[in-house]
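Me: I have a model open and want to learn how to read its features. Please take me through them one at a time.

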Amino acid sequence: MVDFNKMLGEKLKNKETDPLEIFKRLDKSSGKEYLRPHQELILSKWHKKHSDKKDTIVKMHTGQGKTLVGLLMLQSCINAGHGPAIYLCPNNYLVNQIREEAKSFGISTVEFEGSGTPPPLEFKNSEAILIANCHKLFNGKSTFGVSRTERDQVKIGSIVMDDAHRCLDIIKNTFSIKIIRKKNGVENPVYQKFLNLFESSLTNQGVGTCADIKDGLDAYMAVPFWSWAEKKDNALAILQEHKENSDVEFGWDLIKDKLEFCTCIISGKQLEISPRMIPIDGIPSFVNAERRIFLSATLTEDAFLVKDLDIDAESVKEPLILGDEKYSGERMILIPTLLNPNISREDVIKWISKYVQERGDFGILSLVPSKYYLKEWKEGGARDTNVENLNRHITLLKELILKKTARHVTVLLNEYDGVDLPDATCRVLILESNQKHLRKELKN
């Protein structure tokens, strides 16, 4: 009789697990033949000291190529028998960006074919790395399975979580239930039932603030913990009755057994029910993964990963870092008001808008926190975009740069974590921050 297990074992032994050797054997595009020194250093350190650990934190600055590092680590994990492997990122724009980068280096990847579809077979068979939005894994209807539900649990052997600080925010939101008071002018019955349930305890805390909340004004209060504990069964009954409500359905299965550990905050616009600590065991595919690698450029407080994602505390004590760096590129950082306190935001916008029209051979990007900031930029000829249509915008911008006709500023609205604007597509970056205008916008 043929011993297939023995044959598979021999085949596995022949697979290369050193990420540096894996890179050498990839069928790479022209110009992608070499790793940068800091990529080599991180990969070498990981292979020698961290590849056998369940949890690893990797800290690299923006622009140092951590995406390729993460992909090579996952390929190494697959070759070592720790598949299937998934690369998680905060949004769909980054899914496309990472797949394009993987393709240029000859790394096999796949993505979901559409909403509600199961994970691809190439992923399940450890033939390719699955690139996915963080929401795909972390939600109450996860296709990878949710604890204490009938949905089948899909095995994940290895996980890379890119932009871990941003993914953590997303995960916290998915483990919360946010109920909007009005949609298209129609009152949400779930909101009203919760307001009626806790109105007396809110009034006892602050009769004026509670009145503002009832009037739909910009005010909020937390339900007292003793009141929540006393009426949690009533709250459970309301959510159970409306678990198909679009505001409830994606969080219901994740916190339905943890309501006693939740807090509830009610404002004039919405209410939010969220656990004090994320019950991460609700996503068993994440909890049971054999290798979990967290990539971050800006995460400074690693304790949150231990607290909220239940990762190994030792990985926080010994993150994978480059050490003392002598050179990390050149950037000129200017703060106009420190150079001249009389320079206004409008002055900067007018100058930049005029400057870009005189050049046309590189891109200029302004990051803005909300639509309030768009007006002056658009008056100067800027074009606004977001992560959902950024791929199309960058493709057009590259064509204009080649023709030296890129004569507009790109304004990226609201979400920009992990966005890659390569080479000449962004030579000048403007970071918007005007707290006075922001407060006015929130008030309105």
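Me: Where does Ser 126 lie?
Reply: Ser 126 lies in the loop between α6 (121-124) and β4 (129-133). Helices (H or I, at least four residues) and strands (E, at least two) are DSSP runs, numbered from the N terminus. This is a predicted model, where local features need pLDDT of at least 70, side-chain atom pairs count only at pLDDT 80 or more, and totals for chains, interfaces and linings use all residues. Residues are numbered from 1 along each chain as its sequence is written, and side-chain values use heavy atoms, with hydrogens and water left out.

Me: What is phi of Ser 126 near?
Reply: Most residues other than glycine have a negative phi, and most peptide bonds are trans. Phi of Ser 126 is near 60°, a positive value in a residue other than glycine.

Me: Is the peptide bond from Gly 83 to Pro 84 cis or trans?
Reply: That bond, from Gly 83 to Pro 84, is cis, and its omega is near -5°. Pro 84 sits in the loop between α4 and β2 (85-89).

Me: How do I read confidence?
Reply: The protein has a mean pLDDT of 86, and 90% of its residues reach 70 or more. Over residues 435-444, pLDDT stays under 50. The model has 8 contacts beyond four places in sequence for residues 435-444. Contact means heavy atoms within 4.5 Å.

Me: Next, helix packing. At what angle do α4 and α5 pack?
Reply: Axes are lines fitted to C-alpha atoms, for helices over the stretch in contact, and angles run from 0 to 180 degrees between N-to-C directions. Helix α4 (residues 66-79) packs with helix α5 (residues 92-105) at about 70°, and their axes are 10 Å apart. That makes α4 roughly perpendicular to α5. The cut-offs: under 35 degrees is roughly parallel, over 145 roughly antiparallel, 65 to 115 roughly perpendicular, and the rest oblique.

Me: Is the crossing of α4 and α5 right-handed or left-handed?
Reply: A crossing is left-handed if the near helix is turned anticlockwise from the far one by less than a right angle, and right-handed if clockwise. The crossing of α4 and α5 is right-handed. Thr 67, Leu 68 and Leu 71 of α4 make the contact with Ile 98, Glu 101, Ala 102 and Phe 105 of α5. By class, the residues of this contact are 5 nonpolar, 1 polar and 1 charged. Here Ala, Val, Leu, Ile, Met, Phe, Trp, Tyr, Cys and Pro count as nonpolar, Asp, Glu, Lys and Arg as charged, and the others, Gly among them, as polar.

Me: At what angle do the axes of α9 and α11 cross?
Reply: The axes of α9 and helix α11 (residues 225-241) cross at roughly 165° and come within 10 Å. That makes α9 roughly antiparallel to α11. The crossing of α9 past α11 is right-handed. Among the residues that meet are Phe 194 and Leu 197 in α9, and Trp 228 and Ile 238 in α11. The contact of α9 with α11 has 8 nonpolar, 4 polar and 3 charged residues.

Me: How many bridges pair β10 with β11?
Reply: Strand β10 (residues 262-267) and strand β11 (residues 270-275) pair over 5 bridges, in the antiparallel sense. They form a hairpin with 2 residues between them. Thr 263 has Ser 274 in β11 as its bridge partner.

Me: Which pairing does the sheet with β14 show, parallel or antiparallel?
Reply: Its pairing is parallel, with 4 strands in the order β14-β15-β13-β16 in an open sheet. The twist averages 25° from one strand to the next. Helix α19 (residues 390-402) packs on the sheet and touches β14 and β15.

Notes:
Two strands pair if DSSP finds at least two bridges between them. pLDDT is the predictor's confidence in each residue, from 0 to 100.
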